Amino acid sequence: MFLDKKLLIEKEEGWILPAELHSCWNVRGLYSPTQFVLRLRPDIHLELQSIEPGIRSNSELSFQQIQAFSTYFHETIHWWQHVGSTLGLMLSLVYPAQAHINYRDLKHLIQDIGPVKSILKYDAVHKGSLKNETGSRINRVLNNWHDIEFFMRLAIDPKKASHIINSPYFESVGHSYNMAWGSVLWLLSSTFDSNLVFLPDARKWEREFEQLNKNEVFGYYHGSDIRLSPIGAREIFEGQARFSQLQYLYLSSGRKMSWDDFEHAGMLSQLYREAFDIFLKILDTPWPGTPEDSVVGLFLLVCDLAINPTDGFPFDLYHFPSFVFSVDPGIRFLMLCESIKNKNPNLVNSIHGYTKEEYLEVSEILCGYISCKTPYSASEKLNDWASTNCKELMEEDNSFEFGSENLPVRLLFARFLRFQQDKFITPEFFCWPGIWSVGERKAGISLENARELFEAHKALFCDGIDGDIYPSTFPDKDEQSVQNTFNSFYFWNMTYDMTRQWIIQDGDFEYNFSWLTSKFPKSEVTTRVRNQFRDVYGVDPSAFQTV
């Protein structure tokens with residue numbers, strides 16, 4: 001069997017993407033965490049068009065098709081990470097939160113200073129000469145935006161933290177994480193739970209965090225020493241997706257593929273193996289014999305636990321000094337690895353059947369070591385929300401006809417709850433999808449069940465062979481409803497982008513939305529974006545003056 005690099009490898013810097021991206025000829029596949037799009041190379045599209053969509057048995061596919069599907073499989077896992085994990089939900093919602101939390105102040109600033117951009121530049125030019133309330137509004141907008149942005153950057157890629165730490169807007173790591181969590185909870189509560197019946201009330205945290213700042217507790221005051229993890233969500237996400245893909249390919253090849261084959265194909269370059277290398281180094285464990293080895297299964301379970309913190313969401317926050325350690329993915333990953341090494345090294349050999357029982361038992365042990373609730377207990381709580389407090393939202397998801405108020409928030413939270421419903425029943429599939437998507441095992445999740453789960457949770461928005469973005473189709477969803485939701489979702493997202501430009505980007509507004517579609521003239525898309533912005537803020541972008 002020959003592994004074809006062209007069908008397997010995406011560009012290494014592909015997880016964090018430039019703002020503008022249209023054709024995907026230069027990469028194999030990627031998932032955009034701000035555009036919410038799964039993209040594939042046209043040649044991979046062509047391979048996949050020759051087969052029925054979704055998971056198929058090996059007998060139905062050529063090895064070329066298996067390789068092409070494995071890249072789609074890899075990128076789908078990125079979609080799951082972003083819409084199905086608790087960290088991913090936070091990262092998905094901080095983008096709209098940056099706009100929503102500042103909405104009232106932005107509306108007032110139009111009256112105070114007129115439609116000018118950027119607010120960042122305006123503040124730099126007029127600092128010290130502004131009226132008290134106007135200055136306070138500008139200060140809130142800029143600090144809110146930066147606090148949330150700092151959390152996102154620190155959680156994803158702490159290696160590039162120096163420019164954040166040296167920013168005049170940076171208060172502390174703890175403050176950034178608190179502001180991000182609080183802003184997302186505010187966004188969720190204002191959309192679904194205005195009386196705070198079921199969501200944690202982040203307002204009750206304010207006094208505790210203020211006390212940590214006052215007492216100069218490490219990580220929670222300006223000027224505190226800063227210790228960051230050597231890896232972040234980026235390396236964990238990529239490691240989880242890659243090693244799941246390798247397990248899929250290994251089993252699909254009849255266990256004939258070796259690590260050397262994968263290395264030669266370029267599938268084990270630094271980005272994809274960095275988290276695994278750290279995992280092995282801490283555990284003082286040699287490289288495993290095969291991708292099916294127990295140590296690979298344990299690594300994937302550690303990844304799952306690292307990106308699914310439970311403190312502050314969906315459970316309330318009780319121990320405030322350890323908040324950052326409880327929710328930061330890189331720190332959680334390292335603590336879990338250290339716990340295995342120091343408290344229970346026998347866990348290295350704990351994953352054999354890749355079963356639900358193993359998932360529950362080992363995750364309970366590991367979460368106990370780091371004093372947090374398990375993702376499984378979070379799934380149970382979220383399932384209760386879905387069947388009670390969020391029942392109306394789940395009905396919207398069933399019909400794919402979402403209320404227009406905060407539509408992207410409604411859509412993403414509904415998809416998150418739907419994912420958690422199935423993860424509660426079959427956590428082993430979502431932790432080890434490469435093992436269960438081949439149909440090789442006689443007991444456990446059947447190939448048919450795996451196919452149903454994969455199709456139910458495929459990415460909502462994918463590019464076509466022409467590079468344009470299209471909504472995925474679902475047999476139980478009305479096509480027109482899906483298309484309408486797709487249109488509304490992206491025009492909301494464009495408004496979020498325009499808000500970001502207004503706050504921090506100098507110069508005129510840019511309408512760089514060609515990545516979405518080539519079917520309509522740029523002038524038509526620009527007009528619709530301007531109209532949406534005017535509906536939200538009461539002023540046309542063309543009326544803005546640049547500083």
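Student: What handedness does the crossing of α4 and α7 have?

Tutor: The crossing of α4 and α7 is left-handed. Keep in mind as we go that this is a predicted model.

Student: What makes α4 roughly antiparallel to α7?

Tutor: Look at the angle. Helix α4 (residues 86–100) packs against α7 at about 155°, and their axes are 10 Å apart. Angles over 145 degrees count as roughly antiparallel, so α4 is called roughly antiparallel to α7.

Student: Which residues of α4 and α7 meet?

Tutor: From α4 come Leu87, Met90, Leu91, Val94, Ala97 and Gln98, and from α7 come Trp145, Ile148, Glu149, Phe151, Met152 and Ile156. Sorted by class, this contact has 10 nonpolar, 1 polar and 1 charged residues.

Student: Why is α7 called roughly perpendicular to α9?

Tutor: The axes of α7 (residues 132–156) and α9 (residues 173–192) cross at roughly 105° and come within 8 Å. The range for roughly perpendicular is 65 to 115 degrees, and therefore α7 is roughly perpendicular to α9. On the α7 side, the contact includes Asn144, Asp147 and Phe150, and on the α9 side it includes His175, Tyr177 and Trp181. By class, there are 10 nonpolar, 4 polar and 1 charged residues in the contact of α7 with α9.

Student: Where is histidine 74, and is it buried or exposed?

Tutor: Histidine 74 sits in helix α3 (residues 63–84). Its relative accessible area is 0%. Buried means under 20%, so histidine 74 is buried.

Student: What makes a polar contact with the side chain of histidine 74?

Tutor: The side chain of glutamine 245 does, at 3.0 Å.

Student: Why is glutamate 216 called exposed?

Tutor: Glutamate 216 has a relative accessible area of 52%. Exposed means over 50%, so glutamate 216 counts as exposed. This residue lies in the loop between α10 (206–214) and α11 (233–252). Glutamate 216 also has a positive phi of about 55°, although it is not a glycine.

Student: Why does arginine 255 count as partly exposed?

Tutor: The relative accessibility of arginine 255 is 35%. Buried means under 20% and exposed over 50%, with partly exposed in between, so arginine 255 is partly exposed. Arginine 255 is in the loop between α11 and α12 (259–264), and its phi is positive too, near 65°.

Definitions and conventions
Residues numbered from 1 in each chain as written. Predicted model: local features only at pLDDT ≥ 70, side-chain atom pairs only at ≥ 80, totals over all residues. Heavy atoms only, no water. Axes fitted to C-alpha atoms, helices over the stretch in contact; angles between N-to-C directions. Helix = DSSP H or I, 4+ residues; strand = E, 2+ residues; numbered from the N terminus. Parallel < 35°, antiparallel > 145°, perpendicular 65-115°, else oblique. Contact = heavy atoms within 4.5 Å. Nonpolar A, V, L, I, M, F, W, Y, C, P; charged D, E, K, R; others polar. Buried < 20%, exposed > 50% of the residue type's maximum accessible area, 1.4 Å probe, protein only. Polar contact = N/O pair within 3.5 Å; in protein donor to acceptor, adjacent residues only side chain to side chain. Left-handed = near helix turned anticlockwise from the far one by under 90°.
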